[in-house]
Amino acid sequence: MPDSKNTAYEGLVYQVAIPTPLRKLFDYLPSKSKKTLQPGLRVLVPFGRRHIVGFIISIKSGSSIPSKNLKRIDKILDEQPLFSNKLLKLLQWSAGYYQHPIGEVLSTAIPKKIRSANPANPISQVWKSYSSSDKKGLISLRNSPKQKGLLNLIQKQKGLTKESITKAGFNSRAIKELEKKQLIYKQTKTKPLGTAFKPLSRKNLKSLDLNKQQKKALTAIIQIEEKFKCFLIDGVTGSGKTEVYMQAMQQQLCKGRQCLVLVPEIGLTPQTLFLFQERFECPVISIHSGLTDNERLAAWNMAKDGSAGILIGTRSAIFTPFANLGLIVVDEEHDSSFKQQEGFKYSARDISIVRAQEEKLPIILGSATPSLESLHNIATKKFVPLSLTKRAGNATESTKIIIDTSHEFLEHGLSERLLYKIKQHLAAKKQVLIFINRRGFAPTLSCQKCDWIAECKNCISQMTVHIKPPNIRCHHCGVILKLPTNCPYCNNSNLESIGLGTQRLEKFLQARFESIPVLRIDRDSTRRKKLFQSMLEKINTGKSCILLGTQMISKGHHFPNITLVAIVNADTGLFSPDFRGQEQMAQTITQVSGRAGRASSPGEVVIQSRHASHVTLKNLMNNSYSDFAKYLLQERLTTNMPPFSQLALIKAQAKQLGIALSFLKKVKIMSVEISSNFNDQVTSIGPIPAPIEKRAGMFRTQLILKTKKKSTLQEFIHLLVLRIEDLKIPSGIRWSVDVDPNELT
Ligand code: ADP
Ligand code: ZN
Ligand code: ZN
């Protein structure tokens, strides 16, 4: 047998990250071209039978694989690396920390458009019209008003991109036809790299005069330059956190440095974008899920080449390359949407702190309801606390009352006292906000005769009744079915919708308060961007209306004329089985309450509960969020849960529950073996079915792993994942790791 050492390859070998589920790099020989290869460049490589896009991560002198088995890089796709060494290091760190395959991490970190071999610097394509149009061609347009309209527009605008053509309502067929008739032609251009934005001039700044607390916060922040420090602004809603962010950003922008602002949801982006654009005379761009692939790539390039001063983005924007980044802001840092729940399960907030550390930058986290993790980081002196306890301007505190609904007659979930208050506030020409945590019409459809309940066939869950349009939907897997008219078991036609969702409440309120607009804001109504925009505009007129919605309305929007906020049912969070349930309930109640009385009219907050005397609720009503958080932290300490311990989940899914469970049982045995080598105790709980046991036809199970120290968890999980990868895993099992899980679902 030949000695493997002798046949191993000696010479330069390139380690390439490839988007596959394998947690490793692949060795390749250099391409035949003379171009220099360096880390951060995209390359096209042969992989199995395919040719795919990967990233060069490192270069080494030799491979343990014999040279005849090594393949050559096909092609180098970029002139310049897409990531700096520091950013590449951050991405590798993230892959390691969250135990996710590096190739997939890099692929999620770049805009979709360049996950394939497209050029990173896009080529713009513009359609132009010929100056002297052929008469025959023009005549042929007589019966095609669409084509004629497009031609007119192209002539008028002296050229149009594909995007503007689509936006104007024309399809590719119209383009093709006009090309065929030789009335238009395509002009292709390479876009030159942008140049750095012009530093702001101090003369033209438009900032407000800060109050004492804001000044103190700003002074602390701007002392730190080109150094890492993490600040947490704990400031009640409306206390002027955004103003502090803006003045800290201003200092960087005056020096020509860029700012990255992370926000939780797309809904918040347009308002913040507008605010920043008004304030700063530099390009402000945003990256969120509502962009087209081309728009996203263009924005990404503007951050990378330095032509944008500010980038506002959701979660994934944390991986954007910057030419000259000076400051990171994470607004509403407690928000769970910073943690990605599927695929690469990373926390953008936590990675942003590592990035700031790596790039030696100050970072500001802000929230009216900081996460327990962040409060713990203040207690352990990792973060610098800055607090804003008063509302900015002349807004006053709202008064809170709790209505015990356990003995009350409720009309569509609303007590008589609450209905009376709504009437009062509307009569005073004010706006009312009603929070209810369930979209759709009703959570249950049931047969009056045989007690049949509409359930999803793919999940263990009930179907939600919707009336706009009328159907039943599974909120877990997205299945939509026709609204049944008869019971499938006994054929009885008396089916009843039980329980309360936003649509049902909307219908009731609209009937009760006929002359007042009722605006419903939930995932169903905001999916249509224009509709959402027009609702926001209506609210911003300040005219009397009822705003009704889910979680979405609790986030960030500034509605000055709201004076009454009602929480229809505070009980769901109170009895949540999840360890973060109470923290999230407190955050939601505090955030929603914060929407009341933001301008000069005083606000009122009404909370309905069937358990009004529950200690947790009482505690929250009588104390500030921060006192309540202290109490929750104490509870986490006694139960040994995060931030006082570290968690990770090994998740497995299969079409049969038994298969998933027996796979995790094997993992558990390995985990017990490995943990015997650690001094710090590693506890494993399970395997158990996840709280949502079946979803989209797959049974879901999990093994919970817990350690005292982060470093133990890291080492331990790394070893465990290596062992799992060596297992012969039956096909049909999907497994993944969730480090620092947000919830145990
Ligand atoms: P937060 O981000 O804490 O919710 P904002 O920064 O949005 O609060 O401020 C709430 C309102 O108060 C805004 O309308 C803002 O313009 C105003 N504001 C903030 N700081 C000041 C200040 N120093 N003087 C006057 N108004 C202020
Ligand atoms: Zn029936
Ligand atoms: Zn389902």
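What arrangement do the 4 donor atoms around the zinc ion (ligand 2) have, and why?

Modeller: They make a tetrahedral arrangement, because the angles they subtend run from 102 to 118 degrees. For four donors, tetrahedral means that all angles lie between 85 and 135 degrees. Before going on, keep in mind that this is a predicted model, where local features need pLDDT of at least 70 and side-chain atom pairs count only at 80 or more, while totals for chains, interfaces and linings use all residues. As for bookkeeping, residues are numbered from 1 along each chain as its sequence is written, chains are lettered from A and ligands numbered from 1 in the order written, and side-chain values use heavy atoms, leaving out hydrogens and water.

Now find the zinc ion (ligand 2) in the picture. Its protein donors are the SG atoms of Cys 447, Cys 450, Cys 487 and Cys 490, which lie 2.2 to 2.4 Å away. A donor here is an N, O or S atom within 2.8 Å of the metal (3.2 Å for Na, K and Ca), and with no water among the atoms a site may look incomplete. If you read along the chain, the donors follow the spacing C-x2-C-x36-C-x2-C.

The cut-offs are simple: under 20% is buried, over 50% is exposed, and partly exposed is in between (1.4 Å probe, protein chains only).

Next, look at the other zinc ion, ligand 3. Cys 456, Cys 459, Cys 474 and Cys 477 coordinate this ion through their SG atoms, at 2.2 to 2.4 Å. The 4 donor atoms subtend angles of 107 to 112 degrees, so the arrangement around ligand 3 is tetrahedral. Along the sequence, the spacing of these donor residues is C-x2-C-x14-C-x2-C. Cys 456 belongs to the loop between β19 (444-447) and β20 (464-467), and Cys 474 to the loop between β21 (470-473) and β22 (480-482), so the pair ties together parts 18 residues apart in sequence. Cys 456 counts as buried because its relative accessibility is 7%, and Cys 474 is buried because its value is 2%.

While you're in this stretch, spot Pro 469, in the loop between β20 and β21. Pro 469 has 46% relative accessibility, so it counts as partly exposed.

The backbone gets involved here: a polar backbone atom of Asp 209 is 2.7 Å from a nitrogen atom of ligand 1. On the oxygen side, a backbone N or O atom of Gly 238 lies 2.9 Å from an oxygen atom of the ligand, and one of Ser 239 lies 3.2 Å from an oxygen atom of ligand 1. On its own, ligand 1 has 560 Å² of accessible area, and the protein covers 70% of that.

Pro 642 and Pro 643 are joined by a cis peptide bond, with omega about 5 degrees, and Pro 643 is in the loop between α21 (625-638) and β28 (646-654). Another cis peptide bond joins Gly 686 and Pro 687, with omega about 10 degrees; Pro 687 is in strand β29 (residues 683-695). Glu 226 isn't a glycine, yet its phi is positive, about 50 degrees. You'll find Glu 226 in the loop between α8 (212-222) and β10 (229-235), and it is exposed because its relative accessible area is 52%.

Conventions: Four donors count as tetrahedral if all angles lie between 85 and 135 degrees; four count as square planar and six as octahedral if opposite donors are over 155 degrees apart and all others between 65 and 115; anything else is irregular. Helices (H or I, at least four residues) and strands (E, at least two) are DSSP runs, numbered from the N terminus. A polar contact is a pair of N or O atoms within 3.5 Å; within protein, one must be able to donate a hydrogen and the other to accept it, and residues adjacent in sequence count only if both atoms are side-chain atoms. Accessible areas come from the Shrake-Rupley method with a 1.4 Å probe; for residues, only the protein chains shown count as cover.
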